[in-house]
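Here are my notes on the structure, point by point. Please keep the model open as you read.

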Amino acid sequence: MDKKVIWSAGGVVIENNKALICHRKKENLFCLPKGTPEKNESIRDTAVREVSEETGIYPEILKDLGQIKYDFIGPKNQSRYKKNIIYKKTVYFFLMSNIGGSIKNHDEEFDEVVWMSIQNAKEKLTYKDEFSILEKAFYAKNNK
């Protein structure tokens, strides 16, 4: 099987001890805002653009939080990924601050964007490896 290396980037925005979490009702998906790069876009620029589009707020990067790595095989029912290819994906995350905008202005990709406590996010997040990024973000925010 062929292999392809891909990446995406996103962020954790924390305000008043709560983080921004994206929710898609159809799949009952709760996740951190993130996405794939546009042509020639840097990791940091991708993270800022994706968080802005998906949440409606204007983020500013404060700190690198590291990355999550995983492999998957292209699902049959998606046109974005080819089947019979092993994708080796890295997702880069950054701690971000909110410098403007409003969650009312998030894009159509998610049904809602909500502020969630770390305890609530631990129960709700669909991808458990995102919780370790969230923990790092809360630690970094509270121990500047």
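1. Start with one pair. E130 and K34 form a salt bridge, with their closest N and O atoms 2.7 Å apart. (A salt bridge is a side-chain nitrogen of Lys or Arg within 4 Å of a carboxyl oxygen of Asp or Glu.) E130 lies in helix α3 (residues 128-142) and K34 in strand β4 (residues 34-35), so the bridge ties together parts that are 96 residues apart in sequence. Helices (H or I, at least four residues) and strands (E, at least two) are DSSP runs, numbered from the N terminus. Both partners, E130 and K34, are buried. Buried means under 20% relative accessible area, exposed over 50%, and partly exposed in between (1.4 Å probe, protein chains only).

2. A word on the model. It is predicted: local features need pLDDT of at least 70, side-chain atom pairs count only at pLDDT 80 or more, and totals for chains, interfaces and linings use all residues. Residues are numbered from 1 along each chain as its sequence is written, and side-chain values use heavy atoms, with hydrogens and water left out.

3. How many salt bridges does a search of the whole structure find? The count is eight. R49 takes part in a bridge with E50 (3.0 Å, N to O). R49 also bridges to E53, where the closest N and O atoms are 3.3 Å apart. A network of salt bridges links E38, E41, R49, E50 and E53.

4. Look at R49 and E53 again. Both lie in helix α1 (residues 43-55), four residues apart, about one turn of the helix. An α-helix has 3.6 residues a turn, so residues three or four places apart point the same way. Is R49 buried or exposed? R49 is buried, with a relative accessible area of 15%. E53 is partly exposed, at 32%. E50 is buried.

5. Now check helix α3. At 1.5 Å a residue, its 15 residues should span 21 Å, and its end C-alpha atoms are 22 Å apart, which agrees. The expected span is 1.5 Å times one less than the number of residues. The buried residues of α3 include F131, I133, L134 and F138.

6. Which residues of the largest nonpolar core touch the most other members? They are V12 and L134, out of 20 residues in that core. β1 (2-15), β2 (18-24), β5, β6 and α3 each supply at least two of its residues. α3 gives the most, with six. (A nonpolar core is a set of buried Ala, Val, Leu, Ile, Met, Phe, Trp, Tyr and Cys residues joined through side-chain atoms within 4.5 Å.)

7. E112 sits in strand β7 (residues 112-116). E112 is partly exposed, with a relative accessible area of 29%. E112 and H23 are 89 residues apart in sequence, yet 5.4 Å apart in space, C-alpha to C-alpha.
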